[in-house]
Amino acid sequence: MLAHVDVNSAYASFERVFNPRLADVPLVVLSNNDGMVVAASKEAKALGLDLGKPWFELRPHAKHMGVEAVSSNYELYGDMSRRVMDVLERFTHELDVYSIDEAFLTIDRRTAADVDAMQALGRDIKDTLQRLLGVPVCVGIAPTRTLAKLANRTAKKVPVFDGVCVWPGTRPEWRQRLMEALPVSEVWGIAGRLERRLNGYGVVSIWDLAIADPVQVRKWFNVVVMRTALELRGVACIGPEEDRTGKKDQLIVSRSFSEKVTTVAGIRQALSVYAQQAASRLVKHSQVARRVDVFAGTSHWTEQKHYPSARVRLPFPTADPVELTRAAHQLLPQIHDGHRYARAGLMLTDLLPAGVHLPLEPFRQPHEDAGIAALVDGVQKKAGKDALGLGHGGFRPGPSWQMKRGMLTPRATTHWDELARVRA
């Protein structure tokens with residue numbers, strides 16, 4: 001048996017932990033540069049505030065609607081997610097972290113043999129996270145990952161379950177009625193074009209897919225959809241993905257500027273910062289890159305359009321920030337002072353596991369073995385991202401083009417000067 005645990009409206013819930021004033025009010029979390037809604041509380045969703053809604057359209061009506069808005073506080077969300085997963089590890093010998101706000105827990109055989117014991121476990125998980133972290137979650141328990149996700153959705157949407165649904169503990173006829181009522185797009189991994197193709201074969205509801213002939217489903221589509229159909233029958237055939245967070249084929253570091261950059265020096269600094277961020281991500285996933293594509297661009301709405309790009313083949317596979325910065329700077333001869341650049345970035349491709357393809361000793365750079373990327377990353381994690389940087393990427397104060405977060409709440413668990421304070 002597997003338990004799927006999902007934080008309810010994660011970003012909004014994390015914000016409310018340290019700001020009780022936001023509880024029970026419509027709350028939206030905005031994207032980079034406060035551009036659009038990327039997360040919404042259930043109260044905001046009830047007002048029809050869908051994800052992707054531009055903030056400039058919502059802002060004039062926010063006060064009248066009673067809507068509160070905050071900038072994305074990624075440092076807080078990442079740390080709160082880590083704390084949630086640390087608590088979940090207490091309940092299982094095998095935890096599969098699926099995303100920032102959800103995870104699968106393997107339930108031991110003794111507990112899995114008793115529906116009441118599984119119900120008690122789900123309730124204990126839910127109550128413990130609420131008590132220790134102030135974070136609301138729902139729990140779905142089922143024999144497969146696909147059914148556990150469906151059980152979690154049921155726990156969240158059907159009030160009688162009160163946030164915990166043990167799929168084997170429900171009546172078979174009730175499960176069938178539920179699956180007949182839900183469109184096949186409610187199944188984990190099925191949406192858009194795949195849903196339309198399934199509809200074309202008469203598979204409209206979840207129940208239709210569950211009772212379909214798996215062999216025929218594979219002929220119509222592929223082995224992945226066949227496994228999904230089997231999982232809906234209770235046959236476990238989808239396991240944890242290895243290194244889900246790692247970048248298999250490419251790694252992109254890019255961001256729109258909060259203010260237009262009009263100088264070569266400004267683009268040089270942006271590319272330096274992005275190269276160091278890319279190096280940090282490569283080290284995190286134990287990877288190296290062999291090629292860097294660098295780009296910049298003005299807004300599509302300006303009269304003076306310019307979209308320079310450069311492709312750089314690295315002398316050897318590397319994650320060294322010095323080499324990546326040098327590669328990124330090869331775009332600079334194409335940058336012109338006076339153009340109003342709206343974004344820049346770099347894409348790393350031909351990624352390989354670190355330590356597999358090492359250059360011969362005469363061709364190695366002296367700083368390659370110094371672990372500069374890991375060093376910079378370690379210092380930044382302890383002292384903040386502005387504490388240390390290489391060359392033009394380490395200038396302080398930070399550049400004016402950095403991400404705008406005008407409604408940023410305190411990073412209450414990761415920055416000393418923003419720690420939460422308790423008043424007696």
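How are H13 and H14 oriented to each other, parallel or oblique? I looked this up first. The model I am reading is a predicted one.

**Entry: H13 and H14**

I found helix H13 at residues 264-284 and helix H14 at residues 321-328. Their axes come within 8 Å and cross at roughly 140 degrees. Angles over 145 degrees would count as roughly antiparallel, and H13 and H14 are therefore oblique to each other. I noted the handedness of this crossing as right-handed.

I then listed the residues that make the contact. H13 contributes Leu271, Ser272, Ala275, Gln276, Ala278, Ala279 and Leu282, and H14 contributes Pro321, Leu324, Thr325 and Ala328. Sorted by kind, the residues of the contact of H13 with H14 are eight nonpolar, three polar and no charged.

While in H13 I checked Ser280, which is found in this helix. Is Ser280 buried or exposed? Its relative accessibility is 14%, so Ser280 counts as buried. I also looked at Ser280 together with Ile372: 92 residues separate them in sequence, while their C-alpha atoms are 9.5 Å apart in space.

**Entry: H4 and H6**

Helix H4 covers residues 74-88 and helix H6 covers residues 115-133. They pack at an angle of about 135 degrees, and their axes are 10 Å apart. That angle makes H4 oblique to H6. I recorded the crossing of H4 and H6 as right-handed.

Which residues of H4 meet H6? I found Met80, Arg83, Val84, Val87 and Leu88 on the H4 side, against Ile125, Thr128, Leu129, Leu132 and Leu133 on the H6 side. The residues of this contact of H4 with H6 divide into eight nonpolar, one polar and one charged.

**Entry: the five-stranded sheet**

What is the strand order in the open sheet of five strands? I read the order as E5-E6-E1-E7-E8, and the pairing is mixed. Strand E5 (95-99) and strand E8 (164-166) stand at the edges. Each of these two has a single partner strand, so one side of each is left without a neighbour in the sheet. On average, neighbouring strands of this sheet are turned by 15 degrees against each other, direction ignored.

I followed strand E1 (residues 2-7) to its partners. E1 pairs with strand E6 (residues 102-106) in the antiparallel sense, over five bridges. Within this pair, His4 stands opposite Phe104 in E6. E1 is also joined to E7 by six bridges, and these two strands run antiparallel. Here Ala3 stands opposite Ile141 in E7.

Next I asked which way the residues of E1 point. Leu2, His4 and Asp6 point one way from the strand, whereas Ala3, Val5 and Val7 point the other way. I recalled that in a regular strand the side chains alternate between the two faces of the sheet. Six of the six residues of E1 are buried, so the strand is largely enclosed by the rest of the structure.

**Entry: helices against the strands**

What lies across this sheet? I found helix H7 (residues 145-157) lying across E1, E5, E6, strand E7 (137-142) and E8. H7 runs at about 140 degrees to E7.

I also looked at helix H1 (residues 10-17), where Ala10, Ala12, Ser13, Phe14 and Glu15 are buried.

**Entry: Leu194**

I placed Leu194 in helix H9, which covers residues 192-200. Leaving out residues up to four places away in sequence, Leu194 touches Gly189, Phe221 and Val225. Leu194 and Val184 are 10 residues apart in sequence, and their C-alpha atoms are 9.8 Å apart.

**Entry: the whole chain**

I ended with the totals. The chain has 15 helices and 13 strands. How much of the chain counts as buried? I noted 45% of its 424 residues. Among contacts in the chain with a separation of 6 or more, 67% come from residues 24 or more positions apart.

Note on methods
Residues numbered from 1 in each chain as written. Predicted model: local features only at pLDDT ≥ 70, side-chain atom pairs only at ≥ 80, totals over all residues. Heavy atoms only, no water. Pairing = 2+ DSSP bridges. Helix = DSSP H or I, 4+ residues; strand = E, 2+ residues; numbered from the N terminus. Axes fitted to C-alpha atoms, helices over the stretch in contact; angles between N-to-C directions. Contact = heavy atoms within 4.5 Å. Parallel < 35°, antiparallel > 145°, perpendicular 65-115°, else oblique. Left-handed = near helix turned anticlockwise from the far one by under 90°. Nonpolar A, V, L, I, M, F, W, Y, C, P; charged D, E, K, R; others polar. Buried < 20%, exposed > 50% of the residue type's maximum accessible area, 1.4 Å probe, protein only.
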